[in-house]
Each structure stands twice: as C-alpha cells, then as structure tokens.
4 protein chains.
Amino acid sequence: VKRFCLVGAGRIGQIHARNIAAHEGAQLVGVADVNAAAAAQLARSVGSRVIDLQEAMRDESLDAVLIASSTDTHADLIAAAARAGKAILCEKPLDLDAGRAAATLEAVQRAGVLLALGFNRRYDPSFNRLQARVAAGEAGRVETVTIISRDPAPPPAEYVARSGGLFRDMMIHDFDMARWLLGEEPITVSASGACLVDPAIGKAGDIDTAVVVMQTASGRLCHIANSRRCAYGYDQRIEVFGSAGMVRADNRYATSVERAGSGGFEHEPALTFFLERYADAYRLELAAFIDVLEGRPGMVVSGLDGLRALQLADAAQRSLEQQRPVAPGPERS
Amino acid sequence: VKRFCLVGAGRIGQIHARNIAAHEGAQLVGVADVNAAAAAQLARSVGSRVIDLQEAMRDESLDAVLIASSTDTHADLIAAAARAGKAILCEKPLDLDAGRAAATLEAVQRAGVLLALGFNRRYDPSFNRLQARVAAGEAGRVETVTIISRDPAPPPAEYVARSGGLFRDMMIHDFDMARWLLGEEPITVSASGACLVDPAIGKAGDIDTAVVVMQTASGRLCHIANSRRCAYGYDQRIEVFGSAGMVRADNRYATSVERAGSGGFEHEPALTFFLERYADAYRLELAAFIDVLEGRPGMVVSGLDGLRALQLADAAQRSLEQQRPVAPGPERS
Amino acid sequence: VKRFCLVGAGRIGQIHARNIAAHEGAQLVGVADVNAAAAAQLARSVGSRVIDLQEAMRDESLDAVLIASSTDTHADLIAAAARAGKAILCEKPLDLDAGRAAATLEAVQRAGVLLALGFNRRYDPSFNRLQARVAAGEAGRVETVTIISRDPAPPPAEYVARSGGLFRDMMIHDFDMARWLLGEEPITVSASGACLVDPAIGKAGDIDTAVVVMQTASGRLCHIANSRRCAYGYDQRIEVFGSAGMVRADNRYATSVERAGSGGFEHEPALTFFLERYADAYRLELAAFIDVLEGRPGMVVSGLDGLRALQLADAAQRSLEQQRPVAPGPERS
Amino acid sequence: VKRFCLVGAGRIGQIHARNIAAHEGAQLVGVADVNAAAAAQLARSVGSRVIDLQEAMRDESLDAVLIASSTDTHADLIAAAARAGKAILCEKPLDLDAGRAAATLEAVQRAGVLLALGFNRRYDPSFNRLQARVAAGEAGRVETVTIISRDPAPPPAEYVARSGGLFRDMMIHDFDMARWLLGEEPITVSASGACLVDPAIGKAGDIDTAVVVMQTASGRLCHIANSRRCAYGYDQRIEVFGSAGMVRADNRYATSVERAGSGGFEHEPALTFFLERYADAYRLELAAFIDVLEGRPGMVVSGLDGLRALQLADAAQRSLEQQRPVAPGPERS
C-alpha cells in the first residue's frame, strides 16, 4: 500500500482525496492546505487527518505527494518533494513560466524520483481508446487532428487574470492531446483569437475564443478550437483523420434518453463540466500512477510532456501577439 | 419504350404519372379517371392525354396498365387488363376480400400476363438494402423481426370506414415486410389493439393502435407496432435480429441539420409522410417493373405476395375479434 | 450510519458489499454465506467480517439485511429478517412461487418493516430519467411501450433448469419496467416463444427467444422482446410512445469512440452485461434504500411490485403453454 | 418557359442538361461543346439538339446560357453571353485570375444581365437549412465556423496542374460557405498545408491537405480542413458555433441501414461524391435561377460572391507561400 500526502483541499484536491481513499493500494496519510479549515474538513470526510507539510516531507513512511494546490506553488512543492525522495503526482501545469518549469524538471531528474503530471484527459476512457486505436493504425498514417474543446461557462475575471491566459490555462490540455495523437512534435504554431464571450476577460488582457493551427516536420496538421462558453455543456471532441480513415471521440452524456416530439428528436446536453466528464479519468490517472509506483505496467504523463505543452502554449501566445506562425521551444521564450 | 395507361389521377396516380413521364424507357399514353377533370389536369401537367379505358384496353400498342384508382375497382381493372393481355402494375391491395383477390389472381394466371403489386416499401433504398443484407446473412439466422410503423396523422373517419380496417389498410405493408424479412411464412397471428388516438375511428368500428405478433413454423417471431398518429413524423423503422447480430433501418430525414442549445441536441422530425419517405421507392418500383417487362433482371412483388399479406391482415382481424392466436389462410376466412 | 448485514457473497453480493462499504451513511457489519470461504474472502476485501446469520438477526444494533443469496432462500430470509425487525433490501425475485411470495409479503406487513426489492433497472440513470420524463408528460398520454431486452450470452443449462424459466428469471425485469412505464396494470398477457439460440435450453424445458404483449384496461399496449443471446452486447432499450411523441432510452457504451473507414462508420458494441450497464444502478438503489431508511425522500421498489411482476411472468408462462391470452393474478395460478 | 443553351457536355453539363429538361419552366434549346460528339450524345439523350454557340448568342428567343465548360473558357463565355443580353448561370469559378474575374463582372454589370454563379452547396438542403437557422439566430451571435471538407479520392495529376491549386479549385466552395455563414467578410487568411496524400500532387506544385483559418473584423473565426482523399466517402460537414449554441450539418447517407455485430455498430460510408451528395443541390440551384428570371423570389449567388471567394483563395495561396497571415483583396494580388 502506497502512503500519500495530498496538498490542496480545493475542488480538484477533493476528487483526488476520494480517489486515494477508495483505491485499495493507497492510503491517504494526510491533507495539507494553506486554508486549515478546508484541510480539516476534507481530511475528516475521507477519514484522514491534517498534516504539516514540512513534517510530511520528513516522514520516511510517506511514499508519494499529490499536488493539487494553486499553480504558483507547484514548482516549489515539486522541488521539495523531489528533495525528500517522494514520488510526485502534480496537477497541470508545472508552472506558468517555461524556464522555471524546466529548472524544476532538472531538480526532479537529479533527485531521481517519479514525477507524473495530471493531464487527466489521457485517462478519459474515450480519449484513451481513441489514442490506442490511432496508435494501432486504425486511421492509417495520421494527417489532420481536429480538436473542439469548449468550457460550459467562462471563469471569473479574477481567475482569468492569474491563469496565465487561455493558451496556458485551457488549451494546454489540447496541446497535450495534439502531441499525443499527432505522433510527431509540432514545429510551428499559428494562433488566432478574440474576446467574443465576456468583455471582462478582454479587460483582464485575455481572449476567450481561439483557433490554433500546428504543423509537424512531416507536414501533419492539427487545428484546435476553444471557447470559454458553450450553451450545450462541456464540448470535448477529437477527430484523427488519416490515410485509412478517421477515429473520433464524441461528447459523453449522463443518460441515453432522447425525446421525439413535433419539433424533432432531442438528446440531452453533454455532461456539464470536467468534474463529470473526467470523473473516471481522475480515478484512472491515480490508478496508473500507483501501478507505476508498484512496478506494474502503466502510463504516466512525464514532466517533459508538461513542459512541451507549456512551450506550445507560450508559442501560441507569441503567435497571437506577433500575428505570425512561430516555432515552439525554449530558445525563443 | 413501354407504353403505359394510368388509371387513377389522385395523389398516388400523380406520383406514378410523373415517374412514367421521367423514365426513359416508358411513355404515358393516357390517363383515365372517373373524375374527368382530374384526369385532364394530370394529363396536361405531364404532357399526356385523357384516355377512355375501354379504348385503352383495345389499343394493341399499349403495353401496360398502372392501376392507382380506388381499392374497390382493383379486381375488375386487373381482370380487364389481364383479358386484354396488358402487363399490370397495381397499387396495393388487390382487394379487401381475400376470396375475390384469389379469384382475380387466377384470372391473371390464365391470361399469362405480368402482375406486379405496388408494395412500395420493398423499393425504399433503406428497406431494400436491409433485406439484401439480411438475405446475405449479415444478421445470421433470423430470430426476431421488430417493425415500428406509425402514420403522422389519422385519416378522416369516412376513409377509415371504407378502408377495410387498420390491418388491411395500414399494417398490410408491414405484413409484406415481415414475410420478406422472416424468410418463412407466419403460421400464427396474434393481434391486440385499441382505439386510443381518435374516437371517430372507434365509432367507425376500427382501431388506431395495434400490436401484432406472428410466428413461423421454425419459431421465428415478428412483432409489429402501428399507430395512426405520430407527433414526430412518419415513423418507419425495422430491426432484424438474428444469431449473428442485427441489421436495422432507421427513419429518414430531409436534412442532416442538428442544433445544440441549452436544452440539448435537437434533430429535425422524420420525413413527413409516405410521399416524401417513399418518393424514391415509387420511382424504383416503376423502374423494376419496366426492367422485368424488358426482360432485364428486376424484382416485382407478385399477386401472390399481395394475397398472402391480405390473408395475414384477415387473420389479425379475426385474432383481434376472437382474442386468440389464429392461423392465416383461406380455409378459415 | 445504518449498519448492514449482507447475505450472499456471490457476484451480486460482491457488488452490494462494495457499495455499502463506499456509502458514507452505511456500514457493513458482516457477511454471511453458506460458502464460508467466499464469505471470508469478500469480508476481508471490504474490511468487514464473517457473521453468523442467527447471531446477526439477534444483534439489536443491526439496522438492515441485504439479501443477495440464491432465489430459493429469499422467502425464508425475508421472513426471518422481518421477524427480527430489520429493514430488508432483497434481490429479485421474491420467490419463484407467487403464492409463497404473497405469504412472505404478509409476514413483512405484519412485522411492519421496510422491504425493498432490487429491481435495479429502476435506478439505471437512463431508465430512471426515461420514467421521470414520461411521468412528467413528455410523451403525452402513454399508448405503446416497446421493450427490447437481450442478454449477451445464454446461461448454463443447469442455471436455466432452476431459474424458473425465461419469464420469471429474465423478462421479470421487463415486466417491472412495463408496469412502471405504462401507468396502469396490464390485464391481459399474451406470450410467444421458441428455443432458437441454444438447444440445451430447450432440453431444460425452457425457451430462449420470446415476445410478450400486454394490454391495460384502458387499452394501452406493451410489447417486450427477449433473447438469451446477443452478438453486439447487452441490448437494453425502451421506447415509450404516446399522444405527444416518444421518449426512449438507448443502449450505453463504454466510450464514445467511432471509426470511419472504407466500410463505413463503426461504433463499439454496447456495454457487455448487467454488471457494467447497471453498476450505477446498484449504487443508486442502495443509496435510495438508505435515504428511505433515514427518512429522506427516496424511491424503493415494494414487495408488492415484486409480486405483481411475478404474476405477470406466471401469466406469460401460462399464455405460452395454453397458446391464448391470459389475465395475470393470483386466482388463476 | 425560359429557353436555355448549355455550353459544356461533360460530367456537370450532363447534370444541368437533365435538370433543365426536367424543369417545367425551362426548355433546353441546344447543347454546345468543343467536343461535337459529346454535345450530340448529350443532346440526343435529353431530346435537345446540338447548337452553334455563335448562332445561339444571336438567337433572340434564347433567354439564358448555362456555362459548364472548362474553367479557362468561363470569362469569355460570360462576356459574350452578357453582350448578347442573355441571363447567365455559370459553374464556379469565374476564372482562376481574380483580375480577369473582376473585369468580367464589370462587363456583366454594364450589360445589365443576370449572372448567377454555381456554388451548388448553397442549395444543398442540409447546408441551406443550416444557413437559414443560423440567420434566424439559432446559434446566437456567430463566433466560430468549423468546416470539414474532404474529397473521396485525389484527382489526376494533370487535372491538379491546371486546377489553380487546392485553394482555388476545392476550398473555394468552403470559402463561399464561410462568407455565407460568418455574416461578415474575413479580413485575414492564414493557411497551412502539405502534400501528404499523393506525391504526384506535390510534383504538380500543389498541396493535398490544408487547414485555413480566417478572421473577420469583429473577431469571428472560421477554420477549414481539406483533404483530397477520404477513406469513408465524401466528407462534407459544417458546424456554426455561437453565443446560443451550435447548428451543424452532418454528412448524408444513401440509406439509414446499420448493422450491429460482435464488432459493434456499423453505419455505411457517406455518399460517395458530389454527384450524389449534391444532386438535389444542382436541381434546386437551377430552380432558383429560373425563379429569379421569372421575377419570383429566389436566391442566386452573385458574380461578386464568386470574386470574393476567389480573393480568399488567392490570399490563402499567398499565406501558404509567405508563411504569414495575409489580408484578402484585389490590392495585393
């Protein structure tokens, strides 16, 4: 049984806490949060206790740290956990600054610990199957990847202001999907965007509607459309088109109920948001992390995957600002 | 080029007139109808002329008679056309009386002319493909056939009164589909029904909602659900289930447009009624009849098929009245 | 927190054990099974202990007994639990004999305890939503209910032999759905069936393919098609047709992945079997039972519902044997 | 009745010839083609005759010229027909050179004749309904238009060589759809492309796979994905996303038949190619042209629409070559 410490008792921390508690091979030793009351409440609800982070790092019996605190704390927490020799499962992103993210990865590498990044979509049963079938050649040679990704409702302006922007905060998941499905690294990124949904987002210096096109060295294309608002639910769809056809994953629905009336056939909206759509994904992500910790086969998203996605987001931001295609990478940031 | 005379200038006669006019291998020599004005108007619109039926039968240059007049005229017209040596394409049913229908078939047989019955659904591209794939074994050995068949709106009570009843007027199409898809003749028919849609139909002595179950000698089952009214259009679906899976044909739609809004995903209603859903079927039915006339391969529905469907309808009527399963067939009528 | 004892450590007992263990308002005090090793293994895996049934019944601190043992034990266990004043959640069916089931219900009533029957489909999110929308009038006045229910593969012949037959063992779930959705009690039952799938089932005196039609006093119709084998997965679909349209629940799939190739568009098979399709349903069934125990609003399936479904199954069996429609009810059994 | 002369007896000319012949308000007076045999054969098959183009232009009784000859003849034929005072329905594109196209439009304007351009997709029932519903506000304020457009198989290299390239030959249809659906003119065009399908296309100096992103002055985005080859048929889909939801048009299929087997659910491929998918569109395009000629309400695609689409194609070509977003328009060509 692997002993976990959870850092962060917010919305996503709560998901992880319950998944750790429910996993037969894991034990939630303690919960830490700058908000002591939140930590206490979460700890109580899953039969764990509040833990002091310093103490946790010194606790030799602790195997792993799950980091679900705010983004600006990720780099320091990863570094501390790595120094303490703990395995790390960290929510995305590593950091909003690619340079700092790279430095953090070096620290992890020096420490020789396992770092897994929480790109939950790779564990979504539909996207996971999609990738497996594409990897098995069912689309033939991949030529064009189409990603539609829309949130149900825009976040508060104050969240947007410290989010790092749509590319680093929201489209970063799609950049990871793109890399995973294209089978090659994108070498150019071309971004277009606008503030069409919520003027407050524009005032905060960000966009809420975007299309990004990326191309790999062999010419493969990926286009991603994002919106911060979607009337019909959480719109999460991917199509991979290739020489032998297409493999795609459609939205998921809470039920299969459909009504037919004089207006036609109506199916309910898509699952509301990521907590519903990716509930299974969070559970399977933790299970894969534990599998790898236990030496069993399992797929974890590496820190380098996290860095590359961040570099694509940075490139998209530069492309948007400079109105030209740019190459992703550390040399230009 | 085959020279046709059309009897009946009503709704279905008009479809046939236009299809004959548009077919390269056919010529519409004349239109006959007891309503002279209707005959004249239809003849004018397709560049043909009004014809006297007696004269038409004597016209040696005429190859075929297409009968689309009222049901009570079918038997006499078939007999007259058969005596005159004309090929016959007759709208369903042969007659409302199975005995008279059988006698008519004998007359046709004595005359040695081609008689094709207008069971249009066999030519619907979806149902036609369905049957072809079932016949090719794609469902494996057929075990259960499910037919859903609902009209958009009930006919006027005066139509119902002289229609022969739901089984002979409406479900007769489904009986033909059942025979075609089961691959065996039904030996028992068990009918249930009620008047739930329109009390005027009940006053006219008929039902408007029915479920019929039929079974073949080897045990294969078919269940058919009918309604005289359907809020979401013309509901025409068939599923054939067997040892290797299922082959089914869903409804057809005028467009592929779908809207997603806060209420969910909405697809337009099914095609309104048979004139829309079976427009292709009527055209292909005529083409097949001409193919056979010309000696080319083609599938026509025989008079015997028409008689058998009528016998199943009669059996359903008896089953409903006697509240027990009955065997179809002439000996019990 | 409600304290449970579980009787039965088989496939379904295991599901219930995990759901009790995971529910915040429940505690699994002990597991009983005639197979002591099975009881011990299940108890260990969920952190509970093996319990002696007699002792459990005497344990005043125990609130509820969940009965998931073999069918022939249900009636005695219900009676014993009722005498001991325990709330009861019992897997379907109450018993294979309607008379004995009725006597058991009387015992429960005398004891004044809560008895809930495990008709899991009522808690399936899709069927539950279907019923709610029908009850809210979205189909208008209900006229015809169509139920397709097919198992992926036939059970072993020895299971069939003591199962009570397809109607009591398999279609009983559909009888419950029919009663729930029709909004009226069926007054006639007409059954057709055959052994088309597995000759061993026929040798065991049962059928594996069936269609049943039922009608209510006001004329509403329900037709149910069952098969013990289905090539494309666990086929579980319901359509409710009425004056205002139709509400239906389609199959559920593990993922939303679809492939398009030269052969067309392919979607994966339906969820394999009831353990997958109804995993949520079992969880929600337990939650509803606990809600009612705690005095919160919640829907439980009553013992009378179980008896009525059994009477419909008995009627179907008689109808099949006598080849005529029969009325369900105790007076004729 | 409007009297037509058809120029061009090739694949598309044949469609138009049959549609003119079948339209009650039109008469096909003659067919002209540089290939006299082709003209004669087509004329014979639709009951028309071969006509000399010069003679046709002088024939005062002729109302309209339908131009379906090779692209390089369009400008001269339009100019000649305009001088002769004939109404013109011309296949797309006006010309491969935007300057020459503009000059042609001026000649048409001076002559004061009706010029309609054959952007057939506007008349496709699904895309037509899509646009009507978007125009009616069903998507709310339009934010992002997604167009997927893939041909089933690449054209011969010799065709590619004189086609004007993928943007002017193939994506030009999508540019027209984009303008029609965005509700605003694109002001920037950003193109990415590669030769991934057929090396012969690359040798001919063209690409076969492309993604183009366009943006309007208010920030609305459109992304278009093209491929010259598609394993599953003719892939023609459009989604319009906006503040109130999404309206989309999916592919169309020859039948509604689906098979379910152990591999899952399989639906047949999409309609093979434009002759099948857009058969209705060609017919409705002609009907709209005749409606406008007769003074009835009707929608025709103007010469200016043709020029604007060509300018977007030119801009895409420049963007691809210069690897930067460019503005469409005459000043930069």
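Helices (H or I, at least four residues) and strands (E, at least two) are taken here as DSSP runs, numbered from the N terminus, and the expected span of a helix is 1.5 Å times one less than its number of residues. The model is a predicted one, in which local features need pLDDT of at least 70 and side-chain atom pairs count only at pLDDT 80 or more, while totals for chains, interfaces and linings use all residues. Residues are numbered from 1 along each chain as its sequence is written, chains are lettered from A and ligands numbered from 1 in the order in which they are written, and side-chain values use heavy atoms, with hydrogens and water left out.

**First stop: a helix in chain B**

Select residues 11-22 of chain B, which form helix α1: its twelve residues reach 17 Å from the first C-alpha to the last, close to the 16 Å expected at 1.5 Å a residue. Which residues of α1(B) are buried? They are Gly13(B), Ile15(B), His16(B), Ala17(B), Asn19(B) and Ile20(B), where buried means under 20% relative accessible area, exposed over 50%, and partly exposed in between (1.4 Å probe, protein chains only). As you look along a helix, remember that an α-helix has 3.6 residues a turn, so residues three or four places apart point the same way.

**Second stop: the whole of chain A**

Now select chain A, which has 13 helices and 13 strands. Its radius of gyration is 20 Å, close to the 20 Å that the globule rule gives for 333 residues, so chain A is as compact as a globular protein of that length; the radius is taken over C-alpha atoms, and the rule is 2.2 Å times the number of residues to the power 0.38. Along its principal axes, the C-alpha trace of chain A spans about 55 × 55 × 45 Å, and 61% of the 333 residues count as buried.

Contact means heavy atoms within 4.5 Å, and among the contacts in chain A between residues at least 6 apart in sequence, 70% join residues at least 24 apart. If you colour the charged side chains, you will find 36 positive and 41 negative ones in chain A, with the centres of the two sets 1 Å apart; Lys and Arg count as positive and Asp and Glu as negative, while His and the chain ends are not counted, and the place of a charge is taken as NZ of Lys, CZ of Arg, CG of Asp or CD of Glu.

Select residues 279-293 of chain A to show helix α12, whose 15 residues reach 22 Å from the first C-alpha to the last, close to the 21 Å expected at 1.5 Å a residue. Among the buried residues of α12(A) are Tyr282(A), Glu285(A), Leu286(A) and Phe289(A), and just after this helix Gly295(A) takes a positive phi of about 85°.

Leaving aside neighbours within four places in sequence, Phe127(A) is in contact with several residues, including Arg121(A), Trp180(A), Ile238(A) and Tyr278(A). Met177(A) is another of its contacts, and the C-alpha atoms of Phe127(A) and Met177(A), 50 residues apart along the chain, are separated by 8.6 Å.

Select Lys92(A) and Pro93(A), where the peptide bond from the lysine to the proline is cis, with omega near -10°. Pro93(A) is in the loop between β4 (87-91) and α5 (98-111) of chain A. In chain D, a cis peptide bond joins Lys92(D) and Pro93(D), with omega about -10°.

**Last stops: chains D and B**

While chain D is selected, go to Cys90(D) in strand β4, a residue that is buried, with a relative accessible area of 1%. Its contacts beyond four places in sequence include Ile67(D), His74(D) and Leu117(D).

Return to chain B and select Asp235(B), which lies in strand β10 (residues 235-242) and counts as buried at 0% relative accessibility. The C-alpha atoms of Asp235(B) and Asp151(B), 84 residues apart along the chain, are separated by 6.7 Å.

Finally, is Gln323(B) buried or exposed? Gln323(B), in the segment after α13 (303-322) of chain B, is exposed, with a relative accessible area of 58%, and has a positive phi of about 50° although it is not a glycine.
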